[in-house]
Structures are given as structure tokens and as C-alpha cells.
Amino acid sequence: MDKIASIRREYSSRALSEHEVHKDPVKQFLQWFEEALRSEVLEPNAMHASTIGLDGRPKGRVVLLKGVEDSRFIFFTNYMSNKGKELAKHPWIALTFFWAELERQVRIEGKVSKLSEAASDEYFHSRPRGSQIGAWVSMQSEEIPGRQFLEARMEEVSKQYEGADMIPRPPYWGGYAVEADYFEFWQGRPNRLHDRICYHLENGVWHIARLSP
């Protein structure tokens, strides 16, 4: 425990001002995302997604952002997975991006809705063939007897679609869109006096404020 408690890093590379950020938080996010891409951040689209569990407890896992369209944040998953069931009951989510190389974090909160079947089909068919087959193989979050079960299913489904020009999208797999009503941009600063700029949506207008670190 002493070793963990002694871990400390000083942040000093950048600053963030409420007077300089973009008035639109989505555009501010895209600006930071482009900087993460240019800085070759490892998995810049990896985001921690927090949901409300069926038991009322918070649940979290890392998923991949697959697009920002019409100011909505897009990701894909199995609708019958734990998070899919949770979102069906509680259609709210919190997303967190952490780009350590840039000493930056972004928090996003909002309401979730399913993408159209056409949009889910389009993305599904853009995936590598192995990933398409994998979506049929994995009944995400369900308990299985072992790794061999997955490998046997992979072989079985691969043979089923051998020679097929197109693999259909499983009806239980598709996309979600997050319509955000809250953003927080965090920039690491010296002495733990970090910059925190938040946006909250009120009557269709984004309001910007600085938060104490």
C-alpha cells in the first residue's frame, strides 16, 4: 500500500481556459481528439462506459468510440450483453476518455438510443470478416464452459458462411448513439490545481463553467 500511495506525477505540459475553449463542447472534443491522434496516443478512442446495473449498482467497462455523428457519440455492442440489458432499462451512460500522454481527461454524460438497423448494418459490414463471424460466435456476457467452446463455435460459424459474399448482421448486435447533455474537460496542472471546464445543456443552450480541482 505504501508503494501505491507514493505514486505521484506532476502535470505541467498544458493549460485550459474557459475563455479559450470552443462554445460547442462536441467541437472542443473533436479538437482534443485530433490532438490525441497526432500525438499517437494508444487507443485514443478507448472510453470507459459506465451504466446503471439491473441491481442498481454502477457498472463499468472499456469500449471503443466508433464515430461522432450529428453531435452523437457512437459505439457498437451486443444488445443482449449485460450493458445492453442495463441500457434497455436505464438509457443513460457516462463516458470517460483518459489520454495520459496529453495529461487530459474528458467526461461525457447523456441519454442513449439505438442506431437504425441500416446504420448498424453499414458498420457491421465494414468490419473484418473475422469480427463479423465473432459477433455470431459470442453471446456476450453469458457464462461458457471454456475457451474450447468459443473455438468450436468459431469453426462451426466459419463453415456455415464459407463462400458467402456477405455475412448478415446478428439481430442482437448493433449500435448505440449517446446524446450528451454534460461534458467535462480536465487538463492536468502543477500542484494538483488542475483545470476543469464543464458544459451543461439547459434549454438547448450550452453553459460553460470552471470547476475547482
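Leaving aside neighbours within four places in sequence, Gln-28 is in contact with Val-21, His-22, Phe-185 and Tyr-199, where contact means heavy atoms within 4.5 Å. The structure is a predicted model, so local features need pLDDT of at least 70 and side-chain atom pairs count only at pLDDT 80 or more, while totals for chains, interfaces and linings use all residues. Residues are numbered from 1 along each chain as its sequence is written, and side-chain values use heavy atoms, with hydrogens and water left out.

Back to Gln-28, which lies in helix α2. Helices (H or I, at least four residues) and strands (E, at least two) are DSSP runs, numbered from the N terminus. Gln-28 counts as buried because its relative accessibility is 3%; buried means under 20% relative accessible area, exposed over 50% and partly exposed in between, with a 1.4 Å probe and protein chains only. Gln-28 and Phe-185 sit 157 residues apart along the chain, yet 8.8 Å separates their C-alpha atoms.

What about the chain as a whole? It comes to 6 helices and 9 strands, and 37% of its 213 residues count as buried. Among contacts between residues at least 6 apart in sequence, 65% join residues at least 24 apart. The C-alpha atoms fill a box of roughly 60 × 50 × 40 Å, taken along the principal axes.

Next comes the nonpolar interior. In soluble globular proteins, nonpolar side chains tend to be buried together. Here the largest nonpolar core has 31 residues, and Phe-29, Phe-73, Trp-99 and Ile-108 have the most contacts inside it. Such a core is a set of buried Ala, Val, Leu, Ile, Met, Phe, Trp, Tyr and Cys residues joined through side-chain atoms within 4.5 Å. Two or more residues come from each of α2 (25-38), β1 (46-52), β4 (72-78), β5 (92-99), β6 (104-114), β7 and β8. Another core, of 14 residues, lies apart from it, with Ile-74, Leu-115, Phe-124 and Ile-167 among them. As for Trp-99, its contacts beyond four places in sequence include Phe-29, Trp-32, Val-41 and Arg-104.

His-194 is found in the loop between β7 (173-187) and β8 (195-202). His-194 counts as buried, because its relative accessibility is 8%. Its side chain reaches the backbone nitrogen of Arg-189 at 3.0 Å.

Notes:
Polar contact = N/O pair within 3.5 Å; in protein donor to acceptor, adjacent residues only side chain to side chain.
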